[in-house]
Amino acid sequence: MFDPSLFSDRRKRFLSQLEPNSVAIIPTAPIANYSRDTDYRYRPDSDFHYLTGFREPEAVAILSNVESHKAFTLFVRPRDKDKEIWNGRRAGIAGAVDSYGADEAFVIGDFKEKLPSYLENVESIYHFPGKYLNFDRKLSKAWNAVRMKWRQGIDAPKVMVDLGHIMHEMRLIKTPEDLILQRNACKITAEAQELAMRAVRPGMNERELEALINHYFRASGGLGEGFPTIVASGVNSCILHYITNEETIEDGDLVLIDAGVEYEMHNGDITRTFPANGKFSQEQRAVYDIVLKAQLECCDMCTTDNTMDTVHDHAVKVMVDGLIDLKVMEGPADKAIEDETYKKFYMHKTGHWLGVDVHDVGSQRKDGKTRKFEPGMVTTVEPGIYIPEDDESVPIAFRGIGIRIEDDIHITPDGPENLTDSCPKDPGKLEEIIGSD
Ligand SMILES: [Mn+2]
């Protein structure tokens, strides 16, 4: 799976965008502690991994276009027979060069001492200030150490540039290689969702569906869930990030599942909502049809003529009109939108970028304006309606209904490509397959 040329190509593209005489300093993520001396399974920093492919902790990449520097230097943990027996293999400095394409590699223990030499007579430092504060201190100290070398005629860097404006624009526009992984993440996620639809029965616990989905993610070659799987039955569906997943699914409940696999550092993200017993009630179906109409039309709007905002505004309009028709909300629609009274039923945005992070990086603005979609972007489209169970202004049969429908859309020059289209959402199709396994 690991293809060094993919990463060397990314590094070339990255380096070509730096100002002359610059150095980029990119640490990977620290290890996160779970409990006492037990840590979470390690996940590298997304940006660090995007440029290096290196997945071990305690590593720093230095990319430079300074003539006297190597283009790509990696600091990594040393080989250590004893530690490798306990915690797994290490590439070491030889592996950093041979397998990961570093021009030069050192052990991480030498980083502090060597860092100032990478900053001498350099114009700009590219870095993410604020992301890892302990690392910021090391970098600031090194910068200061270089300032003190003025007697030797050495200049210190003048500017620190936020790495994000280059890195995140790169990550926002997916390459054909990125899309292979993205498509697979979407496919596995779609299959897992359908598995849950077919398996669901009233009387099951939410956690059983969670386990089914997460089992499928891992068994399909994914690392596991890219974010905590949401299995929300009944009124739990009105809690946007409900991850407790401990309650019994009752006859007559809707089940809202929002889940995504992390596959080779790419995330799927799909939400489906369906009746546990295989049949929508009249009110559930009425609200479902509104959300589905908004979702289908918004998916179609993912073209280079539109922006995140125009898509969101359309979702709001369709759903407000629908809720007024159902007498769940009071009209007129223009006033409900103007006064934002709809926000008690729809309080989130309609989409987010998707990729290496599930809520992926990349600016939604360009030249001071909301930017239009561009080919290579991947966005979710996920309108929803959540009717509070205690809202006495709403007819009782509608209270506690929460519905969200989410797909992952790749923007192409010819229009939207729905990467999760295979995941059922047509209400007739849902009723056909629910509980069929
Ligand atoms: Mn999402």
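Donors here are N, O and S atoms within 2.8 Å of the metal, and water is not among the atoms, so a site may look incomplete. With that in hand, here are the close-ups; bear in mind that this is a predicted model.

**View 1. Four protein side chains hold the manganese ion.** The donors are Asp 269 (OD), His 352 (NE2), Glu 382 (OE) and Glu 406 (OE), and they sit 2.1 to 2.5 Å from the manganese ion.

View 2. Why does Arg 404 count as buried? Its relative accessibility is 3%, and buried means under 20%. Glu 382 has a relative accessible area of 7%, so it is buried by that cut-off as well.

**View 3. Domain 1 meets domain 2.** The domain assignment gives domain 1 as 4-170 and domain 2 as 173-433. Taken over C-alpha atoms, their centres are 37 Å apart. The contact draws on 13 residues from domain 1 and 16 residues from domain 2. About 1200 Å² is buried between the two domains, and carbon and sulfur atoms give 46% of that area.

**View 4. Charged and polar pairs cross between the domains.** How many salt bridges run between domain 1 and domain 2? The count is four. There are also eight residue pairs in polar contact between domain 1 and domain 2. On the domain 1 side that touches domain 2, α1 (4-15), α2 (46-52) and α7 (164-172) each supply at least two residues. Zooming in, Glu 169 forms a salt bridge with Arg 371, with the closest N and O atoms 2.6 Å apart.

**View 5. Asp 47 pairs with Arg 171.** The closest N and O atoms of this salt bridge are 2.6 Å apart. Asp 47 is in helix α2 and Arg 171 in helix α7, so to speak two distant stretches of chain, 124 residues apart. Are these two residues buried or exposed? Asp 47 and Arg 171 are both buried.

**View 6. Arg 55 reaches Glu 264.** Their side chains meet in a salt bridge at 3.0 Å, N to O. Arg 55 lies in the loop between α2 and β4 (60-64), and Glu 264 in the loop between β12 (261-263) and β13 (266-267), so the pair ties together parts that are 209 residues apart in sequence. Arg 55 counts as partly exposed, at 39% relative accessibility. Glu 264 is partly exposed too, with a relative accessible area of 24%. Stepping back, the structure holds 33 salt bridges.

Terms used: Residues are numbered from 1 along each chain as its sequence is written. This is a predicted model: local features need pLDDT of at least 70, side-chain atom pairs count only at pLDDT 80 or more; totals for chains, interfaces and linings use all residues. Side-chain values use heavy atoms; hydrogens and water are left out. Donors are N, O and S atoms within 2.8 Å of the metal (3.2 Å for Na, K and Ca); water is not among the atoms, so sites may look incomplete. Domain bounds come from an automatic or database domain assignment. Contact means heavy atoms within 4.5 Å. Buried area is the accessible area (1.4 Å probe) that two parts lose on being put together, summed over both. A polar contact is a pair of N or O atoms within 3.5 Å; within protein, one must be able to donate a hydrogen and the other to accept it, and residues adjacent in sequence count only if both atoms are side-chain atoms. Helices (H or I, at least four residues) and strands (E, at least two) are DSSP runs, numbered from the N terminus. Buried means under 20% relative accessible area, exposed over 50%, partly exposed in between (1.4 Å probe, protein chains only).
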